[in-house]
Number of protein chains: 2
Amino acid sequence: MPQLRQDPTTKEWVIIAAERSKRPHDFIKAKTLIEKPPYKEDCPFCQGNEHLTPHESLAYRSGGLADSKGWWVRVIPNKFPALSPEGSLEREETWFFRMMDGVGIHEVVIESPIHNQLLPLMEDKQVEEVLLAYRERYLALREDPRIKLIIVFKNHGEAAGTSLDHTHSQLVGTTVVPSNIRKKLEEAARYYDDHGRCVYCDSIKEELKLGKRIVMDTERFIVLQSFASRSPFETWIIPKEHQASFGLISMEDSKRFAKVLKTTLFKLYSKLNNPDYNYVIHTAPIKDEQEDYYHWHLQIIPRLTTPAGFEMGSGIYINVSFPEETAQFLRED
Amino acid sequence: MPQLRQDPTTKEWVIIAAERSKRPHDFIKAKTLIEKPPYKEDCPFCQGNEHLTPHESLAYRSGGLADSKGWWVRVIPNKFPALSPEGSLEREETWFFRMMDGVGIHEVVIESPIHNQLLPLMEDKQVEEVLLAYRERYLALREDPRIKLIIVFKNHGEAAGTSLDHTHSQLVGTTVVPSNIRKKLEEAARYYDDHGRCVYCDSIKEELKLGKRIVMDTERFIVLQSFASRSPFETWIIPKEHQASFGLISMEDSKRFAKVLKTTLFKLYSKLNNPDYNYVIHTAPIKDEQEDYYHWHLQIIPRLTTPAGFEMGSGIYINVSFPEETAQFLRED
């Protein structure tokens with residue numbers, strides 16, 4: 001019998017399709033790894049090729065000039081930005097249609113100078129530095145009064161929509177708060193009004209009590225397979241202490257977060273054979289950074305199945321795995 | 001300069017990424033067609049293999065017994081249903097988590113007895129019969145008092161999430177109204193309260209006035225590239241007369257709709273070299289079939305690009321084409 005489960009944080013339904021369900025090991029990627037070189041002449045993200053990119057907005061480096069060698073994490077404006085830093089904020093509206101210049105900030109975080117590195121295989125220290133770069137750029141972008149929301153995300157592999165091999169993440173600052181973020185905030189606010197507590201804080205408490213969907217439990221962060229996972233191995237990392245915005249994370253917690261993220265990605269990497277995945281940090285809009293009702297978290301979505309017409313038409317995802325089983329699979333050594 | 005455009009019907013923003021934008025002909029599929037046979041011994045949808053499927057719920061046939069040869073369109077329960085017709089409607093709730101049996105109806109419409117047929121290449125009459133089967137099964141499913149919403153959709157090709165080659169569509173009747181359908185209805189109702197008119201009716205009027213996003217204009221249906229298309233060649237077919245539910249379509253209009261759908265799919269097929277695509281009929285929940293504010297429509301989404309972390313995090317789609325250009329491309333002979 002399939003199950004309908006409702007995500008307590010969004011009220012969205014998902015179907016856990018028992019009849020089609022697969023065991024966790026059915027998702028192990030068959031594709032063998034293609035050997036990639038540590039340096040590629042035409043890769044704009046490789047050390048030594050800094051002239052192929054726009055001027056860096058941040059680099060952690062041991063010396064040397066900006067836009068030269070010697071860095072270990074480097075942040076640059078996206079050369080083909082989805083949103084551009086110049087332009088007007090005025091809406092262009094007819095009585096019916098509304099549009100505006102696509103203003104915003106779109107940056108790339110190059111996570112390593114070495115072409116064939118992967119986040120889950122890096123030194124802990126390197127992942128810490130990547131996360132500190134997220135934090136530092138988040139804090140810089142939020143100073144721009146035009147920016148309403150900052151989204152940090154990573155696309156790994158072709159099925160996850162990446163076009164460049166060299167390991168990188170992205171930050172986008174938008175000048176609008178998207179309607180589905182508004183909806184997420186509204187649901188969280190409604191829960192807060194009902195219960196006087198944050199739905200994500202309660203989620204952590206309930207999940208810890210049950211235990212069966214927990215992947216890792218550390219002092220400051222919890223890793224779990226969400227109750228209403230939309231796809232196999234949908235993984236959430238949530239700070240245990242209430243915090244609406246990623247922008248409020250301390251440097252110490254950022255380092256702990258890096259460790260937890262790396263360990264989680266390594267579990268997925270080693271147990272599923274380097275699956276393609278996206279991750280995204282869901283965080284409050286800048287004006288809502290102090291809210292009691294929202295709680296930032298990172299979601300990892302391995303791209304193991306393809307949403308199709310039913311998902312497009314209903315918004316209900318069909319998940320062919322049980323989060324309790326994938327959690328157990330990830331917990332096992 | 002990228003553009004932010006707001007969908008008038010949903011208030012969702014999309015980015016039209018001018019910097020990354022491609023010309024319509026850049027989306028022509030390179031892959032050559034793999035020859036498929038007209039009959040496959042192990043295909044459960046092929047004529048003569050009726051014993052491989054559950055008992056048919058509908059067949060248009062020239063004679064012969066149920067579940068035997070002689071049909072041209074056949075509807076069967078899905079053998080691996082996402083939702084199952086048996087089960088309890090009771091919610092299983094703790095104070096925090098809510099779930100229920102995945103009750104619903106999941107049927108497959110086999111669009112042809114011949115394995116290698118494609119909807120855009122069929123006789124007009126055959127496509128009419130497929131659409132009449134949608135209509136007939138919609139009307140049958142809506143008699144089940146448990147069913148709240150019926151979604152008709154089609155997945156064509158691997159990138160669109162299909163697992164079976166043989167041309168088919170699907171109907172799913174759900175026992176819940178999904179939250180994102182509620183949201184779509186709310187936005188439409190708000191527009192109606194503001195203006196006293198249906199937002200889709202107004203959309204048709206405005207698009208016809210502008211003309212630049214129209215692909216086809218017929219007496220009863222309009223085909224267009226949506227103002228805020230989320231991906232290249234997102235195509236809408238809308239009945240010109242106000243009608244909230246697909247269930248209210250007349251048999252005559254259903255035949256006209258078939259013709260328009262076939263012509264539209266043929267344009268995409270011939271101009272983009274048989275792209276993978278999904279289509280879905282967006283229609284009002286059953287209790288809202290008479291509403292003044294909602295208006296059914298069919299959306300075709302060719303799977304030409306991959307939504308990634310940014311889309312997951314923001315709900316804002318990045319479209320690398322201009323709907324005005326894809327419309328012109330589709331209009332040209």
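These questions and answers concern a predicted model.

Visitor: Which residues does Leu261(A) touch, not counting residues up to four places away in sequence?

Guide: Leu261(A) belongs to the largest nonpolar core, which has 92 residues, and is listed there with Val73(A), Val109(A), Ile151(A), Val152(A), Ile237(A) and Ile15(B) as touching the most other members. Apart from that core lies another of 91 residues, including Tyr317(A) and Ile105(B). Once residues up to four places away in sequence are set aside, the contacts of Leu261(A) are Val127(A), Ile237(A) and Leu298(A).

Visitor: Is Pro232(A) buried or exposed?

Guide: Pro232(A) sits in the loop between β11 (221-225) and β12 (235-239) of chain A, and its contacts beyond four places in sequence include Phe27(A), Pro302(A) and Asn319(A). A residue is buried if 20 or more other C-beta atoms lie within 10 Å of its own. Because Pro232(A) has 25 C-beta neighbours inside 10 Å, it counts as buried.

Visitor: Which strands are the edge strands of the open sheet in chain B?

Guide: Ten strands of chain B form this open sheet with antiparallel pairing, in the order β3-β4-β7-β9-β8-β13-β14-β12-β11-β10. Each edge strand pairs on one side only, and the two are β3 (58-61) and β10 (214-217) of chain B.

Visitor: About what angle does the direction of helix α1 of chain B make with that of β4(B)?

Guide: Neighbouring strands of the sheet are turned by 15° against each other on average, direction ignored. Helix α1 (residues 124-141) of chain B packs on this sheet and touches β3, β4, β7, β8 and β9 of chain B. Its direction makes with that of β4(B) an angle of about 30°.

Note on methods:
Residues are numbered from 1 along each chain as its sequence is written. Chains are lettered from A and ligands numbered from 1 in the order in which they are written. This is a predicted model: local features need pLDDT of at least 70, side-chain atom pairs count only at pLDDT 80 or more; totals for chains, interfaces and linings use all residues. A nonpolar core is a set of buried Ala, Val, Leu, Ile, Met, Phe, Trp, Tyr and Cys residues joined through C-beta atoms within 7 Å. A residue is buried if 20 or more other C-beta atoms lie within 10 Å of its own, exposed if 12 or fewer, and partly exposed in between; C-beta atoms are placed from the backbone. Two residues are in contact if their C-beta atoms, placed from the backbone, lie within 7 Å. Two strands pair if DSSP finds at least two bridges between them. Helices (H or I, at least four residues) and strands (E, at least two) are DSSP runs, numbered from the N terminus. Axes are lines fitted to C-alpha atoms, for helices over the stretch in contact, and angles run from 0 to 180 degrees between N-to-C directions.
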